Amino acid sequence: MSLEAFQEISPADFFYRNRDIAGFTNPSRALYSTIRELVENSLDACETSMITPDIYVRLRQPVEAENYPTVYEVRVMDNGLGVPPDVIPSAFGQVLFGSKYRLRQARGTFGLGVKMALLYGQITTHSATRVISATIGSGEIHEYTLTMDIQGNKPIILERKVKPNRGRWHGTIVEFSTEGDYPRAMPKIVEYLRQTAIVAPYADITFVDPRGRIYRFERATTKMPRPPREAKPHPEGVDVETFKRLLTASTARNLRDFMTESFQRIGRRTADAFLEYAGVNPRKATANISPEEILTLVNAMKSFGRFLPPDASCLSPLGEELLEAGIRKVLKPEFVAVHQRPPASYSGYPFIVEVGIAYGGEVPKEDNKITLLRFANKIPLLFDEASDVSWKVVNSLDWRRYNVTMDMPVAVITHLCSTKIPYKTVGKEYIADRPEIEREILCGLREVARRLSAFISRRRSVEMERRRLNIFLKYLPKLASFSTSLAGKKEEPDINPLLRKVSRLAVVDEG
Amino acid sequence: MRDKKKRVEEALVRVGSSIYEQLRTGNFPYVELPSRSTSNIYYDEEYRQYVLGERKIRRSSRNIRHIRPLTQLVWAAYFVKELTGQGRTSTLRDVYYSAQAYEMNFTDQPESDNVLTDLEALIGHPREDFNVFPEERSAIFGDLTIEYTVPGYEGRRLNLTSHPDGVMIGPALTNAEFVECKADKVIAVEKGALFTRFVEERVHERYNAVLVQTAGQAPRATRALIRRLNVELKLPVIVLTDGDPWGMHIAMVIISGSANAAHVRELNTPDAKWMGVWATDIIEYKLPTDPLNDLDVKRLHELSKDPRYKDPLWKREINTFLKIKRKAEQEAFSRYGLTFIVDEYLPAKIEEFNREAP
């Protein structure tokens, strides 16, 4: 027998060793993930306070280096609510510290992304991160220069400055260096920002790339979706670990009170019915609940089936108006239809599906397939399209029944909002085909496809009418001229009465 | 000939006037023409050819699917009237290209060919009558003097023995008037080789005949010319082909016309006679033969059901072919020497023809 070396590692160390799962596989992918994480953080920082986001992203290549991978300077600035000065070091220098461990819809869920990006930058370039931030109404701007102690999962503050904030600016600026491969990452980065502009039409996004090119996605509306409310967990979506934590945090004296206070949409009557179903005494003190009873309760919650469906107020869908505005702004289509499904749930997690369809205009015409743009909690999903539930639904539809052929410029947009998106992998790239979600996407898609179908057939009949008139316009004058010569007459007959008859017919046909 | 030209021109003008009047009175113009669908084709005992039945189709400019072919039809009438008016001739291919000058684009040549056939049906004249000729040419040779009517040659005469290869049956000859004929019969042969042999052996003098070479299935201009020789000059017509179902049918089309041309008259020669090579000749003359192939046999069975083949002679020959299962070409007589066919076979056939003639 040999001796194994056991060693505890910190969360930062763990993610450093497993950076592949967070999307930092290679220089190109790493740069894409870096931009994406920072932009998402900035958008979240604005949306939770109903601030219309102004986001500025700059990538700079400081030296004309021949080396590969190249070092880039990243600067991302937003006008969000800012980070309180005492929290800045941990928020940017400690993995798994953040504001997102709550049950409401947000782009990020683990609070990991930005720190992963900074960590990757620190490892590859051995340089520090500069964070500048001011909260709303604050008279000071705080500037930190810090690095991360990977093994200890602690921030190391190198420098700290405070400046007066006379202009009452609020927001956050993050600056650091990182390795990447911009030429390769460029298409994905630009596509990511373009799609973000669809799903956040109220945001103003500017991107300056290392070659000095400016990509600008201007705000199309100042309307914003209602921010999500924080919600208590729904019993069906709770596992043993969560249950234990809820129990620890609870001040309730007995089990019935615990049920009504710690979970959403449970009143006394439901609590009693459930506890009777589970076979546990409602008066039992929370302190005396055994591990076996916890397991019984958690299992019973899943099978009970008589809880009200999860509360959807913790979700923040885009809404039909904004989704349409986003699609119009970016795809500039000839026709748009959008539809928001009513809230539904899977495994105790509420979700809302929004579907849009765009046709014609600048909608790209792809080879023999419909363009699919997928979003989850307002994040564009750009990879592994063919594994996604939306792809499955779009391809299962009999498009010919909706007057759509594969050579038409058609784009389908799907947006899933949920407190928990069922990603198949940690990479957050594609959504698993849960039957409940699949059904909602299908219903939404059918609805917008029906509207597109009506549009196409209406346009087709107008087009046919136009063609019909053109045929008469082409041949009647010729008939007149040939027959006049043939009959040896001098003056051609007037065909206008006939043309009038034809166009009057046309009006009748159209009705 | 001049009479016919006038009739054709009048028919074309009538088409124009009708359309013109309908337009002038504020109506959607239309024409009615005999339907050329197979269900409207009948064999007519009196004319001894296929004819179209009573069924008409109406082509109206009110109908979005008809206005284009109707305009094409009227254009075609206009175009050929100009053509005949200027004494020019044209081919189907020419017509197809000419249309483009009038922004009357046809999708392809079959479409324009079809419109010309419609025009034939509409005015009841074959297209040769309005100067649209086929490309294929066959030839004629014999003591017949013609007078040209085509521009630049008006009044010029030609004796058809003047060229030993024969004279091509083209537009100029088709439009010519017959002036004088010394021959008393027409012998039409399928093949160029036999035609040349006949000229070399002076068949036209020895048997006092006008020789026609059909070059396989006779073109419509040739069929029309044979008919004129028969009708205008009262010359009996003898047809000689290969001894097989295909040769039989070449003769039959000269005699009774084709289903394709059921909409036009005056292309067939009902009194012409097929005189060989018969299946019974193969037996009688012990000719060298080839076996019938599957296609030949199939064709014979088809012919036996065809109403044109109901006379005893045809029935007898079809049955004989099927019995001996052999076929022979005209050249097969060469086994008895190059001149045997002229010296022996032909006189025998002419004698038999005269015996049967009324």
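This is a predicted model: local features need pLDDT of at least 70, side-chain atom pairs count only at pLDDT 80 or more; totals for chains, interfaces and linings use all residues.
**Confidence and overall make-up**

I noted the scores next: ipTM is 0.75 and pTM is 0.64. For chain B the average pLDDT is 90, and 99% of the residues score at least 70. I then went through the secondary structure of chain B and found 13 helices and 17 strands. Chain B has 358 residues, and 42% of them count as buried.

**Where the chains meet**

I turned to the contacts between the chains: 20 residues of chain A touch 22 residues of chain B. On the chain A side, the elements giving two or more residues are helix 12 (435–487) and helix 13 (496–510). Helix 12 of chain A gives the most, with 14 residues. I sorted this side of chain A by class and got 13 nonpolar, 4 polar and 3 charged residues.

**The six-stranded sheet of chain B**

Here I traced an open sheet of 6 strands in chain B, in the order 10-7-13-12-14-15, with mixed pairing. Strand 10 (167–168) and strand 15 (273–276) of chain B each have a single partner strand, so one side of each has no neighbour in the sheet.

Then I checked the partners of strand 13 of chain B. Strand 7 (residues 139–141) of chain B runs antiparallel to strand 13, with 3 bridges, and B:I140 has B:V212 as its bridge partner. Strand 12 of chain B runs parallel to strand 13, with 5 bridges, and there B:A188 stands opposite B:V212.

**Strand 8 of chain B**

Which residues of strand 8 (residues 144–147) of chain B lie on its covered face? They are B:L144 and B:I146, while B:T145 and B:E147 make up the uncovered face. Strand 8 of chain B is joined to strand 11 (residues 177–181) of chain B by 4 bridges, in the antiparallel sense; here B:E147 is partnered by B:E177. Strand 8 of chain B also runs antiparallel to strand 9 (residues 157–159) of chain B, with 3 bridges, and B:T145 stands opposite B:N159.

**Two helices of chain A**

At 1.5 Å a residue, its 14 residues should span 20 Å, and the end C-alpha atoms are 20 Å apart, so the two agree. After helix 9 of chain A comes A:G305, with a positive phi near 80°.

My last stop was A:L119, in helix 4 (residues 113–125) of chain A. Why does A:L119 count as buried? Because A:L119 has 25 C-beta neighbours inside 10 Å, and the cut-off for buried is 20 or more. I also noted that A:L119 and A:T129, 10 residues apart in sequence, are 9.5 Å apart from C-alpha to C-alpha.

Methods: Residues are numbered from 1 along each chain as its sequence is written. Chains are lettered from A and ligands numbered from 1 in the order in which they are written. Two residues are in contact if their C-beta atoms, placed from the backbone, lie within 7 Å. Ala, Val, Leu, Ile, Met, Phe, Trp, Tyr, Cys and Pro count as nonpolar, Asp, Glu, Lys and Arg as charged, and the others, Gly among them, as polar. pLDDT is the predictor's confidence in each residue, from 0 to 100. A residue is buried if 20 or more other C-beta atoms lie within 10 Å of its own, exposed if 12 or fewer, and partly exposed in between; C-beta atoms are placed from the backbone. The expected span of a helix is 1.5 Å times one less than its number of residues. Two strands pair if DSSP finds at least two bridges between them.
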